[in-house]
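Please read each point with the coordinates open.

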Amino acid sequence: MTTYDAPTVDVAGRRPLWIRSAVVMAVIIATLYVVEAIDTAMNNRLDADGIVSRDADGLVGIVFSPFLHDGFAHLTSNAVPGAVLGFLLLLARRFVVATAVVWIVSGVGVWLFGPTGFTTIGASGIIFGWLAFLLVRGLFNRSPLQILLGVLLFLVYGSVLWGVVPGQNGVSWQAHLFGAIGGVLAASLLAGRDRRRRQKDPAATTPQRFGTNPTTSTRGTLPR
């Protein structure tokens, strides 16, 4: 009997998609921890660069706020679900567009409707958007497998959706709500493209095996 090692690259010479996705998320999470370490060393001065609602100078916080957290506990509460959801989004090959839409909608929503006089920081608005995208993507794409994934994710993470409801002290429900809205919007925008791709390439509807290639908070916490 002859044995051999399974190939670790695809026909184009690249690593399998799941490995590349895991590496990308590892780099993103590591970057967040490096930024938080720098912020801690600077006595949390970077946190002032978050979103300041209805303040022209606070608009720049839309860009920076997802990188900023109120301590390592806040960061870790976002990093764990973020690593899972971001990995799944990368596998879906919809990471860049979906993240961009969620980032903008969540940030602008906080700037317009966030509490006056507060600085909002944290990545949970984006995480809520990723979750919402993955929950509803299958409905827009009319894909049974994607719907099944959405159901499984709802069973695991569905309880965090309460974060879109006002009333939690120190938590930016605005970031969560508008992040989720951004996720649904991104799923809707990308659905037509996905359906057209399947019509042009029926093989794209065939599931691929791994290894083949074809809280935000107001100075606070999340998700809790």
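1. Helices, as named here, are DSSP runs of H or I with at least four residues, and they are numbered from the N terminus. By that numbering, Glu36 is found in helix α1. The model is predicted, which applies to every point below.

2. Overall make-up. The protein chain has seven helices and three strands. Read from the N terminus, the order of elements is α-β-α-α-α-β-α-α-α-β. Of the 224 residues in the protein chain, 45% are buried. The chain exposes about 12000 Å², and carbon and sulfur atoms supply 68% of that area.

3. Glu36. Apart from neighbours within four places in sequence, Glu36 is in contact with Asn44, His69, Gly71, Phe72 and Leu75. Two of these partners, Asn44 and Phe72, come up again below.

4. Asn44. This contact of Glu36 is found in the loop between α1 and β1 (51-52). Asn44 has a positive phi of about 65°, although it is not a glycine. Most residues other than glycine have a negative phi. With a relative accessible area of 34%, Asn44 is partly exposed.

5. Arg142. Arg142 is found in the loop between α5 (124-141) and α6. Its relative accessible area is 64%, so Arg142 counts as exposed.

6. Aromatic pairs. How many aromatic pairs does a search of the whole structure find? The search finds four, and two of them are described here. Tyr33 and Phe72 form a stacked pair, at 6.1 Å centre to centre with 15° between the planes. This pair links distant parts of the chain, since Tyr33 is in helix α1 (residues 17-41) and Phe72 in helix α3, 39 residues apart. Tyr33 is partly exposed at 27% relative accessible area, and Phe72 is partly exposed at 37%.

7. Phe67 and Trp103. These two form an aromatic pair that is tilted, with 5.6 Å centre to centre and 55° between the planes. Phe67 lies in the loop between α2 (61-64) and α3, while Trp103 belongs to helix α4 (residues 95-113); the pair links distant parts of the chain, 36 residues apart. Phe67 is partly exposed, with a relative accessible area of 31%. Trp103 is also partly exposed, at 23%.

8. Packing of α3 and α6. Helix α3 (residues 72-91) and helix α6 (residues 144-157) pack at an angle of about 175°, with their axes 13 Å apart. Angles over 145 degrees count as roughly antiparallel, and α3 and α6 are therefore roughly antiparallel to each other. On the α3 side the contact is made by Pro81, Val84, Leu85 and Leu88, and on the α6 side by Leu149, Leu153 and Tyr157. The residues of this contact divide into seven nonpolar, no polar and no charged.

9. Ile181. This residue has its place in helix α7 (residues 173-200). At 40% relative accessibility, Ile181 counts as partly exposed. Ile181 and Ala132 are 49 residues apart in sequence, yet 7.6 Å apart in space, C-alpha to C-alpha.

Terms used:
Residues are numbered from 1 along each chain as its sequence is written. This is a predicted model: local features need pLDDT of at least 70, side-chain atom pairs count only at pLDDT 80 or more; totals for chains, interfaces and linings use all residues. Side-chain values use heavy atoms; hydrogens and water are left out. Axes are lines fitted to C-alpha atoms, for helices over the stretch in contact, and angles run from 0 to 180 degrees between N-to-C directions. Helices (H or I, at least four residues) and strands (E, at least two) are DSSP runs, numbered from the N terminus. Angles under 35 degrees count as roughly parallel, over 145 as roughly antiparallel, 65 to 115 as roughly perpendicular and the rest as oblique. Contact means heavy atoms within 4.5 Å. Ala, Val, Leu, Ile, Met, Phe, Trp, Tyr, Cys and Pro count as nonpolar, Asp, Glu, Lys and Arg as charged, and the others, Gly among them, as polar. Rings of Phe, Tyr and Trp (its six-membered ring) pair if their centres lie within 6.5 Å; planes under 30 degrees apart count as stacked, over 60 as edge-to-face and the rest as tilted. Buried means under 20% relative accessible area, exposed over 50%, partly exposed in between (1.4 Å probe, protein chains only). Accessible areas come from the Shrake-Rupley method with a 1.4 Å probe; for residues, only the protein chains shown count as cover.
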